[in-house]
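Below are some notes for a colleague who wants to go through this entry point by point. They begin with a term that the later points rely on, and then turn to the structure itself.

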Amino acid sequence: MRVVFPVTLDNGLIINGNEKYFLIDNNPDFDGISGYDANGDRVTHIVGFDGTDLLKRCTHPNCRAIKQSANGFGEKGRNSNPKRPMRRDQAQCSECRTHK
Ligand SMILES: [Zn+2]
């Protein structure tokens with residue numbers, strides 16, 4: 001999902017969008033942290049930031065790739081509740097969703 005910075009994660013970490021590359025945790029088992037972007041849209045499985053976009057881990061058990069939020073998971077999130085404007089990002093990367 002194309003997020004609007006700053007993004008506030010549930011652990012209190014704020015990503016402003018101008019940081020250098022970092023991973024929150026280098027552990028390959030790390031599933032990432034969820035949070036909200038500046039629009040109040042839900043972001044999930046955030047593992048870091050690459051200098052341009054959030055880095056997310058795909059939740060597909062055979063994939064678990066780390067990809068950019070917008071390029072790797074699709075520009076738009078999904079709306080899980082039509083009565084509310086809040087959207088959330090996709091848990092699986094675009095490639096995994098295509099192969100389903
Ligand atoms: Zn995937």
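1. Two strands are taken to pair if DSSP finds at least two bridges between them. It is in this sense that I33 can be said to stand opposite I46, the latter in β5.

2. The model is a predicted one, and the points that follow should be read with that in mind. The protein has two helices and seven strands, and from the N terminus on its elements run β-β-β-β-β-β-β-α-α. Its radius of gyration is 13 Å, close to the 13 Å given by the globule rule for 100 residues, so the protein is as compact as a globular protein of that length. The C-alpha trace spans about 35 × 30 × 20 Å along its principal axes.

3. Two overall figures complete this view. Buried residues make up 27% of the 100 residues in the protein, and, among contacts between residues at least 6 apart in sequence, 49% join residues at least 24 apart.

4. Which strands does β5 pair with in the antiparallel sense? Strand β5, which covers residues 42-49, is joined to β4 by three bridges, the two running antiparallel. Strand β3 (residues 22-23) is also antiparallel to β5, with two bridges between them, and β5 pairs with β6 in the antiparallel sense over three bridges.

5. Two hairpins deserve a look at their turns. β4 and β5 form a hairpin with five residues between them, and G40 in that turn has a positive phi of about 85 degrees. β5 and β6 likewise form a hairpin, here with four residues between them, and G51 in the turn has a positive phi of about 100 degrees.

6. Is β5 enclosed or open to the outside? Seven of its eight residues are buried, so β5 is largely enclosed by the rest of the structure. One of the residues in this strand is H45, which counts as buried because 23 C-beta neighbours lie inside 10 Å, where 20 or more are required.

7. The largest nonpolar core has 13 residues, and those with the most contacts inside it are V3, V7, V43 and L54. β5 and β6 (54-57) each supply at least two residues of this core, and β5 gives the most, with four residues. In soluble globular proteins, nonpolar side chains tend to be buried together. For V3, leaving aside its neighbours within four places in sequence, the contacts are D37, V43, L54 and S69.

8. The loop between β4 and β5 contains A38, which counts as partly exposed, with 13 C-beta neighbours inside 10 Å. A38 and V3 are 35 residues apart along the chain, yet their C-alpha atoms are separated by 7.8 Å. Once neighbours within four places in sequence are left aside, A38 is in contact with V4, F5 and P6.

9. Most residues other than glycine have a negative phi, and most peptide bonds are trans. In this model, a cis peptide bond joins F5 and P6, with omega of about 0 degrees, and P6 has its place in the segment before β1. H45 has a positive phi, near 55 degrees, although this residue is not glycine, and R64, also a residue other than glycine, has a positive phi near 50 degrees.

10. Where does R64 lie? This residue is in the loop between β6 and β7 (66-68), and R64 is partly exposed, with 15 other C-beta atoms within 10 Å. Leaving aside neighbours within four places in sequence, R64 is in contact with R57 and C58. R64 and P28 are 36 residues apart in sequence, and their C-alpha atoms are 9.0 Å apart in space.

Terms used: Residues are numbered from 1 along each chain as its sequence is written. This is a predicted model: local features need pLDDT of at least 70, side-chain atom pairs count only at pLDDT 80 or more; totals for chains, interfaces and linings use all residues. A nonpolar core is a set of buried Ala, Val, Leu, Ile, Met, Phe, Trp, Tyr and Cys residues joined through C-beta atoms within 7 Å. A residue is buried if 20 or more other C-beta atoms lie within 10 Å of its own, exposed if 12 or fewer, and partly exposed in between; C-beta atoms are placed from the backbone. Two residues are in contact if their C-beta atoms, placed from the backbone, lie within 7 Å. The radius of gyration is taken over C-alpha atoms; the globule rule is 2.2 Å times the number of residues to the power 0.38.
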